[in-house]
Amino acid sequence: MVCSYCGIAPSEGYFKSYCKPCADLRRMLILHEPKKCVEILQFCLLRNNTQVDNKKKLVVEKNLQDSLNLYERPNTRNNGKK
């Protein structure tokens, strides 16, 4: 059987209608206030245009730093005399 929530993953068992991640999500929504869960998910997963631009900038800078740090100076006898 397929999960009745996501419709993609197989359900946990024959008599269960949710896959493991969807069952965990359902349990969290039951245990905690759904409004609070939605606020947390929106804060963590959704971004506005300014946040997307800042994230792109950070990723580009990190990739640039990583590419600059890949170069290692060759180990020669003259390295220590400068």
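Biologist: Which residue does K20 form a salt bridge with, and how far apart are the closest N and O atoms?
Modeller: K20 pairs with D24, with the closest N and O atoms 3.3 Å apart. A salt bridge here is a side-chain nitrogen of Lys or Arg within 4 Å of a carboxyl oxygen of Asp or Glu.

Biologist: What kind of model is this, and how are residues numbered?
Modeller: This is a predicted model, where local features need pLDDT of at least 70, side-chain atom pairs count only at pLDDT 80 or more, and totals for chains, interfaces and linings use all residues. Residues are numbered from 1 along each chain as its sequence is written, and side-chain values use heavy atoms, with hydrogens and water left out.

Biologist: Back to K20 and D24. Where do they lie?
Modeller: Both are in helix α1, four residues apart, about one turn of the helix. Helices are DSSP runs of H or I, at least four residues, and strands are runs of E, at least two, numbered from the N terminus.

Biologist: Which other residue does D24 form a salt bridge with?
Modeller: R27. The closest N and O atoms of D24 and R27 are 2.7 Å apart. D24 and R27 are three residues apart in helix α1, so about one helical turn separates them.

Biologist: Why does D24 count as partly exposed?
Modeller: Because its relative accessibility is 25%. Buried means under 20% relative accessible area, exposed over 50%, and partly exposed in between (1.4 Å probe, protein chains only). K20 is partly exposed too, at 47%, and so is R27, at 41%.

Biologist: How many salt bridges does the structure hold?
Modeller: Three. One of them joins the side chains of K16 and E12, at 4.0 Å, N to O. K16 counts as partly exposed at 47% relative accessibility. E12 is also partly exposed, at 36%.

Biologist: New topic. Which residues make the nonpolar surface patch?
Modeller: Y5, L25, L29, L41, L45 and L46, covering about 610 Å². Patch residues have over 30% relative accessible area and no salt bridge; like charges are joined within 9 Å, nonpolar side chains (Val, Leu, Ile, Met, Phe, Trp, Tyr) within 5 Å. Areas come from the Shrake-Rupley method with a 1.4 Å probe; for residues, only the protein chains shown count as cover.

Biologist: Which helices each supply at least two residues of the patch?
Modeller: α1 (20-31) and α2 (34-45).

Biologist: And L45, is that buried or exposed?
Modeller: Exposed, because its relative accessibility is 62%. L45 lies in helix α2.
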